[in-house]
Amino acid sequence: MLRALSSAVTLSILLVGQVFAADAATTEAQLKRGRLLFTQCQACHQVKPGAPSLLGPNLAGIMGRKAASAPGFKYSSALAKSGLTWNVATLDKWLARPSTLVPGNTMAFAGLPKAEDRAAVIAWLAAETAPKKK
Ligand code: HEC
């Protein structure tokens, strides 16, 4: 009985270990994929705080930021009036097809049709643009 119990405990410890390992691997792979996918955005967007806006606004600190709030960038009135706040859910919709979420916006990008691609870019963006602790 005791033996069965202890092997059950050992087994569940092993299983938990594997789940964590799998999670870490997914995240690592996802971040890499997100970094790679962001090359499509890079022509228009910088992510370092204080870097100038290009064709598109700087995306530093994008998570939790109100749409159309990068200082000095001339947004479309469509995005300015959207009332959106950027989070995983709104970014997912935006990146699927910007023109569906905000008709009349000026981001010349068709969208990322694959949910896993959007998840990867968003995960990378969230990690990369989070305000750094000093
Ligand atoms: C051809 C240039 C271009 C490309 C490529 C592009 N964007 Fe944009 N992006 C823009 C422009 C321009 C805006 C502002 C749109 C407006 O004002 O209507 C914008 C706005 C945004 C916003 C909202 C920012 C804010 O301050 O509210 C996010 C988030 C964003 N882009 C993410 C991305 C991501 C992620 C990609 C790549 C998958 C991408 N963009 C590709 C030009 C681009």
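The legends below describe close-up views of a predicted model.

**View 1. Overall fold of the protein.** The protein contains five helices and zero strands. Read from the N terminus, its elements follow the order α-α-α-α-α. Of its 134 residues, 18% count as buried. Among contacts between residues at least 6 apart in sequence, 45% link residues at least 24 apart.

**View 2. Helix H5, residues 115-129.** This helix is made of 15 residues. From the first C-alpha to the last, H5 covers 21 Å, close to the 21 Å expected at 1.5 Å a residue. The buried residues in H5 are Arg 118, Ala 120, Val 121, Ile 122, Trp 124 and Leu 125.

**View 3. The largest nonpolar core.** This core has 16 residues, and the ones that touch the most other members are Leu 91, Leu 95, Val 121 and Leu 125. Helix H3 (88-96) and H5 each contribute at least two residues to the core. H5 gives the most, with five residues.

**View 4. Surroundings of Leu 91.** Leu 91 is one of the residues that touch the most other members of the largest nonpolar core. When residues up to four places away in sequence are not counted, Leu 91 touches Trp 86 and Ile 122. Of these two partners, Ile 122 is a buried residue of H5.

**View 5. The shell around the ligand.** There are 29 residues around the ligand, and those that come nearest are Cys 41, Cys 44, Gly 56, Ser 76 and Asn 105. Helix H2 (77-80) and H3 are the elements that give two or more residues to this shell. The largest share, three residues, comes from H3. By type, the shell residues divide into 22 nonpolar, seven polar and no charged.

**View 6. Gly 56 and its contacts.** Gly 56 is found in the loop between helix H1 (2-37) and H2. It is among the residues that come nearest to the ligand. Is Gly 56 buried or partly exposed? Gly 56 counts as partly exposed because it has 19 C-beta neighbours inside 10 Å, whereas a buried residue needs 20 or more. Leaving aside neighbours within four places in sequence, Gly 56 is in contact with Cys 44, His 45 and Met 107. Gly 56 and Ala 108 are separated by 52 residues in sequence, and their C-alpha atoms are 9.4 Å apart in space.

Key:
Residues are numbered from 1 along each chain as its sequence is written. This is a predicted model: local features need pLDDT of at least 70, side-chain atom pairs count only at pLDDT 80 or more; totals for chains, interfaces and linings use all residues. Helices (H or I, at least four residues) and strands (E, at least two) are DSSP runs, numbered from the N terminus. A residue is buried if 20 or more other C-beta atoms lie within 10 Å of its own, exposed if 12 or fewer, and partly exposed in between; C-beta atoms are placed from the backbone. Two residues are in contact if their C-beta atoms, placed from the backbone, lie within 7 Å. The expected span of a helix is 1.5 Å times one less than its number of residues. A nonpolar core is a set of buried Ala, Val, Leu, Ile, Met, Phe, Trp, Tyr and Cys residues joined through C-beta atoms within 7 Å. A residue is near a molecule or strand if its C-beta atom, placed from the backbone, lies within 6 Å of it. Ala, Val, Leu, Ile, Met, Phe, Trp, Tyr, Cys and Pro count as nonpolar, Asp, Glu, Lys and Arg as charged, and the others, Gly among them, as polar.
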